[in-house]
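User: I am new to this structure. Please walk me through what its terms rest on.

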Amino acid sequence: MPERREQRRRKGFADSGRTYRLHPSPEQAERLQEWGHTCRAVWNMALEQRIYVHRQRGKTLRSGEQCRFLTQARRDFEWVADLPSQAPQQVLRHLDRAYDNYWNPDHPAEFPRFKKRTSRVAIPLPGQAVRVTKLNRHWASVRVPKLGEVRFRLTRSLGGEIRNVSIRADAAGRWSIAFGVRVPARWAPPNGKPPVGVDFGVKHSAYLSDEEAPRLMDRTLTDGEKRRLVGLERRRERQIKQAKQRNGGKYSNRLKKTLRANRGTEGQASAPPARLHAQAHHRPRQEPRPGRHRGSSRAADDQKRQGHERPAWNPCRPEVRSEPSRSRQHAGGTPTPARLQVPRLRIRPRPGAARRNLADVRRLPCPRRCITRQP
């Protein structure tokens, strides 16, 4: 394999790949879809022709001989002529490579197969047929023959000479473009030391085969990334606190994933999911906090300190205003009957308890039914 890679490098083949997300217009996407099916038809016809000639004459055709039939097909069929001339030639070269891999005993490739219509469409082009123009730091455009400029997201630089191009579409209709790039080799001179194995990781930068401890890389976070890291850590601690107070210790799936990444910092993060599930179903009843609750006032607290506690409310004996307001008095000075104050019943199930049935609600005493006349 190393010798084969060296031979491909000497011949000028691509040794690295770059894939980007392509953003064609609706008209360009429709035409690219037609070109993809045309390339699939060219592959199937060329493979059928090779199989037929080999069965009849025992001869194997190559791309150089089939290019003559391709020229005649472009004259007879408009849908073949609509395709750029370099694309079907590149398809025939790919078929030659498929045959070479099949004949190679060291290669695990099988005999070339026909392509279905449901398969992903691909349009191969040589590197000299396209031209890439950088628009800004995040966007670039590629000039495709018979199609014009097509924009793509420039997520990384090409970093070499373009040798071939492939435009593809997945099953969801997303387009991408792949560049085969030849990167100039930078060989490091031998230092005369024995070879060593290196295993790169995420949590630890590198492990060497002749060392016990891993090698850690210095943090290269910017000031903004450091502030974001502090904010994320605070959010994690706040979510843990809220889960213990409100959910009975049950963590959400997202919080479990975060704690699993930072295993060892939180003791409950290593608990199995079954234990967390049991804690959620057997949560203890929360007692009310001591002191003044939300609906109390300062005057009520003063009455409690003096020993005058307010009697409990009875739905059958509603409270009556003792002193009617002056605005509701008649002209003769007789006060109007006092209005009854009947508070509403708000039935709210306790968190974690079973909901009340409709029959239980109907059996509750109704203050409006108990009032027959005004006192």
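Analyst: The model is predicted: local features need pLDDT of at least 70, side-chain atom pairs count only at pLDDT 80 or more, and totals for chains, interfaces and linings use all residues. Residues are numbered from 1 along each chain as its sequence is written, and side-chain values use heavy atoms, with hydrogens and water left out.

User: What makes a set of residues a nonpolar core?

Analyst: Its members are buried Ala, Val, Leu, Ile, Met, Phe, Trp, Tyr and Cys residues, joined through side-chain atoms within 4.5 Å. Buried means under 20% relative accessible area, exposed over 50%, and partly exposed in between (1.4 Å probe, protein chains only). In soluble globular proteins, nonpolar side chains tend to be buried together.

User: Which residues is phenylalanine 179 in contact with, leaving aside neighbours within four places in sequence?

Analyst: Among them are Tyr20, Val132, Val142, Phe152, Leu158 and Ile162. Contact means heavy atoms within 4.5 Å.

User: How do you know that the span of helix 3 is close to the expected one?

Analyst: Helices (H or I, at least four residues) and strands (E, at least two) are DSSP runs, numbered from the N terminus. The expected span is 1.5 Å times one less than the number of residues. Helix 3 (residues 63-76) has 14 residues and reaches 20 Å from its first C-alpha to its last, close to the 20 Å expected. In this helix, Ser63, Gln66, Leu70 and Ala73 are buried. Their cover includes helix 2, helix 4 (78-81) and helix 5.

User: How many residues of each class line the second largest pocket?

Analyst: Eight are nonpolar, seven polar and seven charged. Asp, Glu, Lys and Arg count as charged; Ala, Val, Leu, Ile, Met, Phe, Trp, Tyr, Cys and Pro as nonpolar; the others, Gly among them, as polar. The largest share of this lining, six residues, comes from helix 6.
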